[in-house]
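Student: Before we discuss anything, please put the model on screen. I would like to go through a few of its elements in turn.

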Amino acid sequence: MTHPVHTPVVAADGGLVRFVLADLLAGSATSMRIELTDAGAAEPWLTRLVGAEASRIALDRGHADVPARSELATLALLLWARRWWPASQRLGVPSLDPALLDLEAAAATAAVEDVAEGLLDSFEATPAELFDAAVAGGALTGPAGEVRDLCGRLAAWFDAQDDVERAEAAAGLEVAGSQRAYALAAGTGSGAPGDGVLAEGRASVDWARVPPGVLDAAEDTVTWRIVAAGRIEVEVAGAFADAVLTAVATHDGEPFAEVPLDLGAGQFAGSADLDPAATRLAATPDVHIGLVVGVAAEGVVGTTPQDRAAVVALVRARPPRVWTLAERAAAGDAAEEF
């Protein structure tokens, strides 16, 4: 099965609309796949979206490949970026302002509603909810003209929906001139190994197991060691924001220690005492110990190093002409720093 990190999708009412990630990031999506899960719920918006003939074929087969709609492609890209954008100082991929992503997603959701009313009836968030999330922190930051233009379009849409309060809020929204500052430091490494270190290693963060926008997306950012005093110490270099994180140490896939991680100077770090059995285990020659940062449950569909490398390559090759507002804001902010 293709991992969700590779398949941007819009969850519609009674179906899914999927895009090819490479095409979407390159700005060249020409087709989209509609997969139906509830034909009765999907039929009204499907007909409005693709026409009666294509709708009949999709309803008969349960799926259809149809020409891409720019409104849905934009929304799929923004939803993907909110979850999977591989921000990394090491890899040269800037962090995106979640408030700007929410604002863009609000406008994109409204645009989809205009072309196919009802398509998003069971969607995860309405334009109003996305707008509220975007402005929750106060004035938005970014390219002032573009942000105001987006707010103007949202104000007109809210006004058409008789949502006077949000229409006025969007029209009068304050805009700052530059992006919010997101400090990302590489962090310091664990000290040099010496006497008393029973085991140590490095690990990579699985993007599927941690909240988006919190940790550097590069490989090998996690260092750990177990010392003879019966303690495991963990550091995760590169932090964009605070979050509740835990590292889980495993032996042959079985957890034997949990380490709460706290945000420090550009990194997360923590330590935990081990019981005597775990300490003896760490001292066993050739013992295989693994470390998982974030949710360690087996039910999580994890990403592989190959998954992550493929996504990073596509993002780094993304042409500026198709950048989102959040990307342009991030690029402008980076230019100001240098």
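**Strand pairing and a helix contact**

Tutor: The bridge partner of Arg202 in β8 is Thr223. Bear in mind that this is a predicted model.

Student: In which sense do β7 and β8 pair, and over how many bridges?

Tutor: Strand β7 covers residues 197–203, and β8 covers residues 222–227. The two pair in the antiparallel sense, and the number of bridges is six.

Student: Which residue of β9 is the bridge partner of Arg225?

Tutor: β8 is also joined to β9, residues 231–237, and these two strands run antiparallel with six bridges. They form a hairpin with three residues between them, where Gly230 in the turn has a positive phi of about 85°. In β9, the partner of Arg225 is Glu233.

Student: Are the residues on the two faces of β8 buried or exposed?

Tutor: In a regular strand the side chains alternate between the two faces of the sheet. One side of β8 carries Val222, Trp224 and Ile226, and the other Thr223, Arg225 and Val227. Both faces are covered, and these residues are all buried.

Student: How is α7 oriented relative to α8?

Tutor: The axes of α7 (residues 144–160) and α8 (residues 164–171) come within 8 Å and cross at roughly 165°. Angles over 145 degrees count as roughly antiparallel. Therefore α7 is, relative to α8, roughly antiparallel.

Student: How many residues of the contact of α7 with α8 are charged?

Tutor: The α7 side includes Cys151, Phe158 and Asp159, and the α8 side includes Arg166 and Ala170. The contact residues divide into seven nonpolar and no polar, and the number charged is two.

Note on methods. Residues numbered from 1 in each chain as written. Predicted model: local features only at pLDDT ≥ 70, side-chain atom pairs only at ≥ 80, totals over all residues. Heavy atoms only, no water. Axes fitted to C-alpha atoms, helices over the stretch in contact; angles between N-to-C directions. Helix = DSSP H or I, 4+ residues; strand = E, 2+ residues; numbered from the N terminus. Parallel < 35°, antiparallel > 145°, perpendicular 65-115°, else oblique. Contact = heavy atoms within 4.5 Å. Nonpolar A, V, L, I, M, F, W, Y, C, P; charged D, E, K, R; others polar. Buried < 20%, exposed > 50% of the residue type's maximum accessible area, 1.4 Å probe, protein only. Pairing = 2+ DSSP bridges.
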